[in-house]
Amino acid sequence: SSAQPAALFRAKGTGPETATLTPVGKIDFPALAPEGKDIWGKIVTGLDISPDGSRFLAITYVNAFEFPVDLAHETLKPTSEMIRGKDYRKIQLVKLPQQESIAYLPHSQGFLYTTERKKHQIQPLMKVSCSDP
C-alpha cells in the first residue's frame, strides 16, 4: 500500500445544506516526507486552521507540517514547487501511537496534539510552543 496526495477543499455557504466544496489543491505528503520506507509519516490524520486563518497545520503519524496560506482566499501551489522553510515547515514531534488530533493554541502560541489510541485511561496531551518564522 502507498500513501496518496491529500486533497484540500474550501467550504462556502451559510450552512451544511448550502455549503459548496471547491478544490484548493493537493499536497503530496509522500514527496514532503520521503525518508523512511513505511507510509506512516506520509498519511495525514488531522488538520487545523490557525485562529487568524493565515496558516494551517497537518499532522501525520510522525510529523506535523505547517503551511502559511490563507485557504479562504488562496489556492495551493503544486507540491513540486513548494520550498521547505518558505511554503511549509516540517515539525518533528515526539511520536505518539496513533496521533490523530492537532489544534492551534490561541494567539499563535503553538499547538497541541494527542493520540486517539486507547491504551491507558489517561492520554498524553503534547504542547509545542512556536514562534513566527
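The model is predicted: local features need pLDDT of at least 70, side-chain atom pairs count only at pLDDT 80 or more, and totals for chains, interfaces and linings use all residues. Residues are numbered from 1 along each chain as its sequence is written, and side-chain values use heavy atoms, with hydrogens and water left out.

**Sheets**

Strands (E, at least two residues) and helices (H or I, at least four) are DSSP runs numbered from the N terminus. Two strands count as paired if DSSP finds at least two bridges between them.

| 3-4-5-6 | antiparallel | 20° |

Strand 5 (residues 63-67) is joined to strand 6 by 4 bridges in the antiparallel sense. Within strand 6, K90 stands opposite F65.

Strand 7 and strand 8 (residues 110-115) run antiparallel and share 5 bridges. Y104 has F111 in strand 8 as its bridge partner.

**Nonpolar cores**

A nonpolar core is a set of buried Ala, Val, Leu, Ile, Met, Phe, Trp, Tyr and Cys residues joined through side-chain atoms within 4.5 Å. The largest one has 15 residues, of which I27, F29, L32, F56, F65, F67 and L76 touch the most other members. Strand 2 (20-27), helix 1 (29-32), strand 4 (56-60) and strand 5 each supply at least two residues of this core. Apart from it lies another core of 11 residues, including I91, Y104, F111 and Y113.

Contact means heavy atoms within 4.5 Å. Leaving out residues up to four places away in sequence, L76 touches L8, V24, G25, K26, I27, F56, V69 and L71.

**Q99**

Q99 belongs to strand 7 (residues 99-104). Buried means under 20% relative accessible area, exposed over 50% and partly exposed in between (1.4 Å probe, protein chains only). Q99 counts as buried because its relative accessibility is 0%. A polar atom of the Q99 side chain lies 3.1 Å from the backbone oxygen of T60. Beyond four places in sequence, the contacts of Q99 include T45, T60, N63, L93 and Y113.

Methods
Axes fitted to C-alpha atoms, helices over the stretch in contact; angles between N-to-C directions. Polar contact = N/O pair within 3.5 Å; in protein donor to acceptor, adjacent residues only side chain to side chain.
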